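These are my notebook entries on one protein model. I looked up its sheets first, then its overall figures, and finally a few individual residues.

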Amino acid sequence: MAGVSIRNVEKTFGETQVIHGINVEIADGAFVVLVGPSGCGKSTLLRIIAGLEDVTGGQILIGGTEVNDMAPKDRDIAMVFQNYGLYPHMTVAQNMGFALKLARAETADIALRVGRAAEILNLTPLLDRFPRQLSGGQRQRVAMGRAIVRNPQVFLFDEPLSNLDAKLRVQMRAEIKELHQRLKVTTVYVTHDQIEAMTMADMIVVMHDGVVKQAGAPLELYDRPSNLFVAGFIGSPSMNFFAATVTDGALRLADGQSLQVPEGTSLAEGLQVIVGLRPEELVLSDHGLRAEVTLVEPTGAELHVGARLAGQQMTAVFRERHSLKHGQAIAMTPLPGRMHLFDPTTQTRLN
């Protein structure tokens, strides 16, 4: 196993720069998720680590060794792609052991390693089947098994669950996390799904337009997003944002309603701020922010409520089963200490 160091990495396609001087340190044995919207550069960065793309500038180190000029096969990494890439004419066992066969490993060693990986992934009864005889989840397990048998220093996953249905994604998400906890191999995982990132990662790296917006533990990014982009991207439903002005020591919204400035936060009179309120951190109250219900969506475990507040649409999520109707007037208060404040110009966190 080995850590991965990404140092001042840049990538340009023609005149278009898609990666802008990224620095990330991935500890040995860590599970790190690169997350962000489509086009943010996360898959390009993963391909750079794998050696499938050359760097324009900077360094990639695996286990302390610079690998910029190494071929992918020499980097001791294994990659699982969005498309399973299984050979249709080969059995599960043959697919899993093919890379070892190409490397001219002993037949007995191939059988041993394939058998061990199949046992880990619950594929032993399927070793003689062909890909066409497998479900999507089973094919993904085979692709993972093909990576495991190589016993690499680093696993790379490029949106491996995007072709699966919602229920199977949840199941495979848990299986991949359990697999990592068992093997303890350094893992870099790319996804656009922030729920996957939150549930699987030791560290999340949030990317946007080829730069890292914030990196840290999942709950660190959720509880203290350092900027507006991370605040809006992490969390589902996404955070509500309201423009406000500091007036008489309070935060005055566009419709004249106000919120108390969070305890321990000092803001100058007249300062313009962006107030962030997470949907799940609002509670119904008698004397909170007044809003009008526009949509009620019961999900079973939660009640999602769309409302009009301060001239804009917002979302609240309640665990309780309130009887709310379209057009009803309600009042909501944020949980103590759960308000987020941002500078509207720099978009950085203020509190």
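**Entry 1. The antiparallel sheet.** I began with strand β15 (residues 282–298), which pairs with β18 in the antiparallel sense over 7 bridges. Strands here are DSSP runs of E with at least two residues, helices are runs of H or I with at least four residues, and both are numbered from the N terminus. I count two strands as paired if DSSP finds at least two bridges between them. Within this pair I looked up Val283, whose bridge partner in β18 is Thr333. I then traced the whole sheet: it is open, has 4 strands in the order β17-β16-β15-β18, and its pairing is antiparallel. The edge strands are β17 (312–318) and β18 (329–334), each of which pairs on one side only. Neighbouring strands of this sheet are turned against each other by 55° on average, direction ignored. For such angles the axes are lines fitted to C-alpha atoms, for helices over the stretch in contact, and the angles run from 0 to 180 degrees between N-to-C directions.

**Entry 2. Basis of the values.** I note that the model is predicted, that local features need pLDDT of at least 70 and side-chain atom pairs pLDDT 80 or more, and that totals for chains, interfaces and linings use all residues. Residues are numbered from 1 along each chain as its sequence is written, and side-chain values use heavy atoms, with hydrogens and water left out.

**Entry 3. The mixed sheet.** I next followed an open sheet of 6 strands with mixed pairing, in the order β6-β7-β8-β3-β9-β10. Its edge strands, each pairing on one side only, are β6 (77–80) and β10 (211–216). On average, neighbouring strands of this sheet are turned by 15° against each other, direction ignored. Inside the sheet I checked β3 (residues 31–35) and β8 (residues 186–191), which run parallel and are joined by 5 bridges. Val35 has Thr191 in β8 as its bridge partner.

**Entry 4. Overall figures.** I recorded 8 helices and 19 strands for the protein. The C-alpha trace spans about 75 × 45 × 35 Å along its principal axes. Of the 351 residues, 48% are buried; buried means under 20% relative accessible area, exposed over 50%, and partly exposed in between (1.4 Å probe, protein chains only). The accessible surface is about 16900 Å², and carbon and sulfur atoms hold 49% of that surface. These areas come from the Shrake-Rupley method with a 1.4 Å probe, and for residues only the protein chains shown count as cover.

I also asked what share of the contacts with a separation of 6 or more comes from residues 24 or more positions apart. That share is 66%, where contact means heavy atoms within 4.5 Å. For charge, I noted 33 positive and 37 negative side chains, with the centres of the two sets 7 Å apart. Lys and Arg count as positive and Asp and Glu as negative, while His and the chain ends are not counted. Each charge is placed at NZ of Lys, CZ of Arg, CG of Asp or CD of Glu.

**Entry 5. Backbone geometry.** Which peptide bond is cis, with omega near -5°? I found that bond from Ser236 to Pro237; Pro237 sits in the loop between α8 (228–233) and β11 (240–247). Asn122 belongs to the loop between α3 (107–120) and α4 (136–148), and its relative accessibility of 60% makes it exposed. Gln347 lies in the segment after β19 (340–342) and counts as partly exposed at 37% relative accessibility.

**Entry 6. Two residues and their surroundings.** Leaving out residues up to four places away in sequence, Val24 touches Val4, Ser5, Ile6, Met203, Val205 and Val212. Val24 and Gln59 are 35 residues apart along the chain, and 11 Å separates their C-alpha atoms.

Pro218 is buried, with a relative accessible area of 10%. With residues up to four places away not counted, Pro218 touches Ala197, Met198, Ala201, Asp202 and Ile204. From Pro218 to Arg169 I noted 49 residues in sequence and 19 Å in space, C-alpha to C-alpha.
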